[in-house]
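Thanks for making time, everyone.

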Amino acid sequence: MDAFARGLKIAARLIKDKALDKVVAKRYAGWDTRFGRMIESGKMNFKKLEAYILENGEPKLQSGRQELLENILNEYI
């Protein structure tokens, strides 16, 4: 039970301090684009997605920055 309480306190501090907000916002910024909103709203099907990729190419790969997130979390633990 103590471990759960400690975890809850750590999670509350992470949220209060907004420690992960910038990293998460940057990681998922593509969903705020016109194309991302079309996918989320269901206006894109696999055929349209395929045509988009064939026309525009594969998206640039980017790191999920897992190590950074682990380091931030470890600072709070």
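Let's start with Arg-37, which is partly exposed at a relative accessible area of 47%. On that scale, buried is under 20% relative accessible area, exposed is over 50%, and partly exposed is in between, with a 1.4 Å probe and protein chains only. Arg-37 sits in helix α3, residues 34-40. Helices here are DSSP runs of H or I, at least four residues, numbered from the N terminus. Setting aside neighbours within four places in sequence, Arg-37 is in contact with Trp-31 and Asp-32, where contact means heavy atoms within 4.5 Å.

Quick housekeeping. This is a predicted model, with local features needing pLDDT of at least 70 and side-chain atom pairs counting only at pLDDT 80 or more, while totals for chains, interfaces and linings use all residues. Residues are numbered from 1 along each chain as its sequence is written, and side-chain values use heavy atoms, with hydrogens and water left out.

The largest pocket holds about 470 Å³ of space. A pocket is an open set of points on a 1 Å grid over the protein atoms alone, where a 1.4 Å probe fits, with protein on both sides within 12 Å along at least five of seven lines; lining residues have an atom within 4 Å of a point. For the volume, points are joined across faces, edges and corners, and we take the space filled by probe spheres set on them.

Which residues lie nearest the centre of that largest pocket? They are Gly-30, Trp-31, Phe-35, Pro-59 and Gln-62, out of 18 lining residues. Helices α2 (21-27), α3 and α4 (46-56) each supply at least two residues of that lining. By class, the lining has nine nonpolar, six polar and three charged residues. Here Ala, Val, Leu, Ile, Met, Phe, Trp, Tyr, Cys and Pro count as nonpolar, Asp, Glu, Lys and Arg as charged, and the others, Gly among them, as polar.

The second largest pocket has a volume of about 200 Å³. Its lining includes Lys-22, Val-23, Gln-62, Arg-65 and Leu-68. Helix α2 gives the most to this lining, with five residues.

Arg-65 is worth a stop. Its place is in the loop between α4 and α5, and its phi is near 55 degrees, a positive value in a residue other than glycine. Arg-65 is partly exposed, at a relative accessible area of 37%. Lys-18 also has a phi near 55 degrees, and lies in the loop between α1 and α2. Lys-18 counts as exposed because its relative accessibility is 55%.

Now the inside. Ile-10, Leu-14, Val-23, Ile-72 and Tyr-76 make up the largest nonpolar core, meaning a set of buried Ala, Val, Leu, Ile, Met, Phe, Trp, Tyr and Cys residues joined through side-chain atoms within 4.5 Å. Not counting residues up to four places away in sequence, Ile-72 touches Leu-14, Ala-19, Leu-20 and Val-23.

Is Tyr-76 buried or exposed? Tyr-76 counts as buried because its relative accessibility is 15%. Tyr-76 lies in helix α5, and, leaving aside neighbours within four places in sequence, is in contact with Ile-10, Arg-13, Leu-14, Asp-17 and Ala-19.
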